[in-house]
Amino acid sequence: MNNSFDEDCDYLFKAVLIGYSAVGKSNLLSRFAKDEFCLDSKPTIGVEFAYRSIRVGDKIIKAQIWDTAGQERFRAITSSYYRGALGALVVYDITRRPTFESLRKWLKELREFGSPEMVVVLVGNKSDLGQSREVNLEDGQSLAQLEQVSFMETSAKENLNVEEAFLQMITRIYEITCHKSL
Ligand code: GDP
């Protein structure tokens with residue numbers, strides 16, 4: 001799907017969301033793609049994706065963003081989920097330490113199955129729940145520095161930094177992949 005062309009955009013990219021169950025991946029995606037938030041955990045199982053088009057300069061970039069939709073609960077994510085993806089948001093929940101501890105595993109899997117040029121943004125979600133925080137901001141920053149990826153804390157619920165996290169990933173993908181071929 002690299003640099004694919006579509007009728008209504010100049011570039012079409014695939015990106016994926018990964019991370020432990022219930023960290024907020026689906027809500028981050030629905031906030032970004034549809035500006036919606038859902039209080040209940042979703043009942044559906046299976047891969048889902050959503051699109052959003054953004055303008056960078058005079059180009060229209062369409063991001064196709066895949067959500068695991070619960071498959072991680074059964075360790076059922078396969079290499080096809082990562083295939084062709086140029087970016088990933090790797091998400092943990094700042095109120096649940098184990099979701100942060102699991103990041104090494106997700107990053108390892110990304111490197112194994114993903115493209116070597118994959119743009120990764122580490123996301124600490126649920127920043128609105130600061131009173132229940134189990135992962136300090138500095139922990140997220142240090143891991144991001146160690147892994148040489150970007151980092152942001154977000155709240156899908158309060159719509160804080162969600163747009164910024166996705167846009168950072170998408171514009172970086174555009175810079176890396178499209179400028180080479182222009
Ligand atoms: P997923 O399994 O990673 O896709 O997680 P979901 O998007 O289904 O969210 C799991 C639960 O966390 C749901 O009850 C959401 O309402 C809640 N949630 C998601 N994002 C936030 C957030 O930013 N703040 C708060 N307080 N709750 C959130």
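Which residue follows α5 and has a positive phi? That residue is Q148, whose phi is near 55°, and its surroundings return in a later view.

Figure 1. Residues are numbered from 1 along each chain as its sequence is written. Helices (H or I, at least four residues) and strands (E, at least two) are DSSP runs, numbered from the N terminus. Read from the N terminus on, the elements follow the order β-β-α-β-β-α-β-α-α-β-α-β-α. Of the 182 residues of the chain, 38% count as buried, where a residue is buried if 20 or more other C-beta atoms lie within 10 Å of its own, exposed if 12 or fewer, and partly exposed in between, the C-beta atoms being placed from the backbone. Two residues are in contact if their C-beta atoms, placed from the backbone, lie within 7 Å, and among contacts between residues at least 6 apart in sequence, 72% join residues at least 24 apart.

**Figure 2. Strand β2 is seen with its two parallel partners, β4 and β5.** Strands pair if DSSP finds at least two bridges between them. Strand β2 (residues 9–18) is mostly covered, since seven of its 10 residues are buried. With β4 (residues 59–67), β2 pairs in the parallel sense over six bridges, and F13 has A63 as its bridge partner in β4. With β5 (residues 85–93), β2 again pairs in the parallel sense, here over five bridges, and A15 has G87 as its bridge partner in β5.

**Figure 3. The view turns to M169 and the largest nonpolar core.** A nonpolar core is a set of buried Ala, Val, Leu, Ile, Met, Phe, Trp, Tyr and Cys residues joined through C-beta atoms within 7 Å. The largest such core has 48 residues, of which A15, L17, A88, L89, V90 and M169 touch the most other members. When its neighbours within four places in sequence are left aside, M169 is in contact with A15, G87, L89, V119 and V121.

**Figure 4. Helix α5 is shown with its buried and exposed faces.** In α5 (residues 137–147), the residues G140, L143 and A144 are buried. Seen down the helix axis, the buried residues of α5 fall within an arc of 100°, so they line one face of the helix; the arc is that of the directions from the helix axis to the C-beta atoms. The face turned away from this buried side carries the exposed residues E138, S142, Q145 and L146. What covers the buried residues of α5 includes α4, β6 (119–125) and β7 (150–153).

**Figure 5. Strands β6 and β7 are shown together with the crossover that links them.** These two strands pair in the parallel sense over four bridges, and G124 has E153 as its bridge partner in β7. The chain crosses from β6 through α5 to β7, and this β-α-β crossover is right-handed, a term used if, with the strands pointing away from the viewer, the path from the first strand over the helix to the second runs clockwise.

**Figure 6. S155 is shown in the loop between β7 and α6 (162–181).** S155 is buried, with 22 other C-beta atoms within 10 Å. Leaving aside its neighbours within four places in sequence, S155 is in contact with N125, K126, S127, D128 and L160.

**Figure 7. Helix α1 is largely enclosed by the rest of the structure.** Seven of the 10 residues of α1 (residues 25–34) are buried, so the helix is largely enclosed. The buried residues are K25, S26, N27, L28, L29, R31 and F32. After α1 comes D35, whose phi is positive, near 55°.

Figure 8. Among the elements of the chain, strand β1 (residues 4–6) has the lowest mean pLDDT (51) and β6 the highest (98). Over residues 1–5 the pLDDT is below 50, although this stretch has 13 contacts in the model beyond near neighbours in sequence. Where pLDDT is low, the predicted coordinates should not be read in detail.

Technical notes: Predicted model: local features only at pLDDT ≥ 70, side-chain atom pairs only at ≥ 80, totals over all residues. pLDDT = per-residue confidence, 0-100.
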